[in-house]
Each structure stands twice: as structure tokens, then as C-alpha cells.
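Here is a protein model to work through. The questions ask what lies behind each label, and the answers set values against cut-offs.
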Amino acid sequence: MSITVAVIGAAGRMGSTVCQAVEQAEGLELVARLDVGDTIDVEHLGGAQVAVDFTVPGVTEANVHALVDAGCDVVVGTTGWTEAAYERVREHLARPEAAGRSVLIAPNFALSAVLAMSLAARAARFFESAEVIELHHPDKVDAPSGTAVATARGIAAARAQAGLAPVPDATQTDLHGARGAVIDGIHVHAVRLRGLTAHEEVVLGNPGEQLTIRTDSFDRSSFMPGVILAVRQVGWLEGLTVGLDAVMEM
Ligand SMILES: NC(=O)C1=CN([C@@H]2O[C@H](COP(=O)(O)OP(=O)(O)OC[C@H]3O[C@@H](n4cnc5c(N)ncnc54)[C@H](O)[C@@H]3O)[C@@H](O)[C@H]2O)C=CC1
Ligand SMILES: O=C(O)C1=N[C@H](C(=O)O)C[C@H](O)C1
């Protein structure tokens, strides 16, 4: 029996690529393509068991709540999620009427990016300095990228667990924001450049040495194996899962 799938944000760059990938995947059946202006309810979801959301940060949380109410398990690639928003989804999934429903949210579905985040967190405790540089196409509406936020948080958590001091930085004046965003003490820099797709570099420094961890998505096809894996796995999960690593046996 096929898993029936709806795609929300189906007209977008990611959504349209996901529609193609679902149509080509064995054992999956695309039953609904929704985009802006379409109501998310049982009637418009065409009997979907799993819904995939690639929309915009401002609407994704509301979409997830509506999809759970409509009886779908949900896979989310859209960025912009906060701890408070995760908590609201956890609370929703804990209600009796949402019994059996599950949600998987991943800031990045590319294998190289998932590994880069994991390697950066593992390496973090061995280095005095760490910064994140993300580079994307100029049509991206949010900065820094969801991947960079997750990477910085992972590095910061590993440093805190190891009892490391704050990263060294003698900057006294930064009138133009040249030192970038600071996420849990880790500086994050965002580049927007025509020709790019999605890239990230984590630079870790010690006296006399540097480790660079880099991931490049040259094409949106890089995200598809992860999205399809998530669609196949989400029904086996419970509650809210954050990160594709949870279903990658890493
Ligand atoms: N997790 C991952 O691996 C990846 C995540 N992304 C994220 O996915 C999101 C989408 O990225 P793109 O496809 O490049 O953007 P896009 O702008 O090409 O597509 C967004 C689509 O969402 C639609 N939309 C807006 N509001 C909506 C609503 N209320 N209901 C239904 N559809 C609505 C738009 O009309 C548009 O078709 C972004 O947050 C991006 O950062 C992008 C690539 C990979
Ligand atoms: O908007 C994009 O393109 C991407 N968004 C995600 C993010 O913000 O991390 C994932 C990937 O970087 C591509």
C-alpha cells in the first residue's frame, strides 16, 4: 500500500521539486498540491497520510497545527522555527485528539549538511574559536539560514558541555555589524549571491591551526533523498522530532 502525500508550498522552488520526487518514489503517491490561498483541511488534502511543508517562516507553524488537526503526519523543511514554536507543536501533539500524529522538522535534508552539523558539534570542544558562514541564493527570504542557526546552537551546546570559555574576540567597535549575528555566543555570517544554491562553512581555530567543515548543495536534488526518507519514516515516530539525524541511524 502506498503512503499518500500532500505538498504544501507546492508551487515553490522546494515544493515543486518535492512533488516530482514524490511522484518518482516507489510506494509514495502524491494526492494534493497546495499553495498560498488554499485551505488546509481534510477536503483539500485528498486523503493524504503525510504532508510536506516547504513554505515561508511566517506561516509554517500555523500550517503544521492545521495539518495535525486534519489528521496528517507532517514533514517540515521550512525554516524560522523557535524553541517556543517547537513547544507549541509538542503540546498540540500531546492532546488526545492528536493521538498517533507525529511531526518531523529538519532545517536541512541534505546528507552533507546533516553530517556537517554533526561533525561541527563533535569538533567544537577541541577549538578555541568557531564561526559559521552560510552562503545562499539571493531569493532566500530569511537570514541567517535555519541550518546555520542549528549549527551554531550545536557548537555552542558542545562548548558549554565541555566548559569552554567564550570564543576570543577583541572587537570593541562594530558600527556596521561586520561581526555578524551572534547565536548562543557563536558568530554567524550570511552571504547572498546570484549563482549559489545552499552552502555552509564552519571554521574552527586554535593557535597555528584551522579546521574547515564545508557543505555544498549545488542543486535542490540534494535535499530529496532526505525528504523522501522523512516521508517514509515520520509515521513511525512519536510526537515532535527535530533534525533528520534522528532517522538516519547516525
Ligand atoms: N530543510 C531543507 O532541507 C530546506 C529548507 N528550505 C526552506 O524551505 C522554505 C521554502 O524555500 P523555497 O522553496 O526556496 O521558497 P519559495 O519561495 O520558492 O517557496 C515557498 C512557497 O510557499 C508558498 N506559500 C507561501 N505562503 C503559503 C501558505 N500560507 N500556504 C501554502 N503555501 C504558501 C509560496 O507561494 C511559494 O510557492 C524556506 O524556509 C527555505 O529556507 C529550502 C531548501 C532546503
Ligand atoms: O532557502 C534555502 O535555499 C535553504 N534553506 C534552508 C536553511 O535556511 O537552512 C536549508 C538550505 O540551506 C537551503
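Q: Why are α5 and α6 called roughly parallel?
A: This is a predicted model. The axes of helix α5 (residues 111-123) and helix α6 (residues 146-162) cross at roughly 25°. Angles under 35 degrees count as roughly parallel, so α5 and α6 are roughly parallel to each other. Their axes come within 8 Å, and the crossing is right-handed.

Q: Which residues of α5 and α6 meet?
A: From α5 come Ala113, Met117, Ala120 and Ala121. From α6 come Thr147, Ala150, Thr151, Gly154, Ile155 and Ala158. Residues count as in contact if their C-beta atoms, placed from the backbone, lie within 7 Å.

Q: What classes make up the contact of α5 with α6?
A: It has 7 nonpolar, 3 polar and no charged residues. Gly counts as polar here, so Gly154 of α6 goes into the polar class.

Q: What makes α3 roughly parallel to α4?
A: Helix α3 (residues 60-69) and helix α4 (residues 83-94) pack at an angle of about 5°. The cut-off is under 35 degrees, and that makes α3 roughly parallel to α4. Their axes are 11 Å apart.

Q: Where do α3 and α4 meet, and which classes are present?
A: Glu61, Val64, His65 and Val68 in α3 meet Ala85, Val89, His92 and Leu93 in α4. The contact of α3 with α4 holds 5 nonpolar, 2 polar and 1 charged. Glu counts as charged and His as polar, so Glu61 is charged while His65 and His92 are polar.

Q: What is known about the packing of α1 and α7?
A: α1 and helix α7 (residues 224-233) pack at an angle of about 65°, with their axes 10 Å apart. The crossing of α1 and α7 is right-handed. Thr17, Val18 and Ala21 of α1 make the contact with Met224, Val227 and Ile228 of α7. By class, that gives 5 nonpolar, 1 polar and no charged residues.

Q: How many domains are assigned, and where do they run?
A: The domain assignment gives domain 1 (3-105 + 221-247) and domain 2 (111-218). Their C-alpha centres lie 27 Å apart. The contact takes 10 residues from domain 1 and 8 residues from domain 2. On the domain 1 side, the residues divide into 5 nonpolar, 4 polar and 1 charged.

Q: What puts a residue in the shell around ligand 2?
A: The C-beta atom, placed from the backbone, must lie within 6 Å of the ligand. Thr79, Pro107, Asn108, His136, Lys140, Ser145, Gly146, Thr147 and Ala198 are the residues around ligand 2. They divide into 2 nonpolar, 6 polar and 1 charged. Lys counts as charged, so Lys140 goes into that class.

Q: Which residues come nearest to ligand 1?
A: Of the 25 residues around ligand 1, these are Gly9, Gly12, Arg13, Met14 and Gly77. Helix α1 (residues 13-24) gives the largest share of the shell, 3 residues. By class, the shell has 13 nonpolar, 9 polar and 3 charged residues.

Q: What sets the phi of Asp184 apart?
A: Its value is near 50°, which is positive in a residue other than glycine. Most residues other than glycine have a negative phi. Asp184 lies in the loop between β7 (181-183) and β8 (186-192).

Definitions and conventions. Residues numbered from 1 in each chain as written. Chains lettered and ligands numbered in written order. Predicted model: local features only at pLDDT ≥ 70, side-chain atom pairs only at ≥ 80, totals over all residues. Domains from an automatic or database assignment. Contact = placed C-beta atoms within 7 Å. Axes fitted to C-alpha atoms, helices over the stretch in contact; angles between N-to-C directions. Helix = DSSP H or I, 4+ residues; strand = E, 2+ residues; numbered from the N terminus. Parallel < 35°, antiparallel > 145°, perpendicular 65-115°, else oblique. Left-handed = near helix turned anticlockwise from the far one by under 90°.
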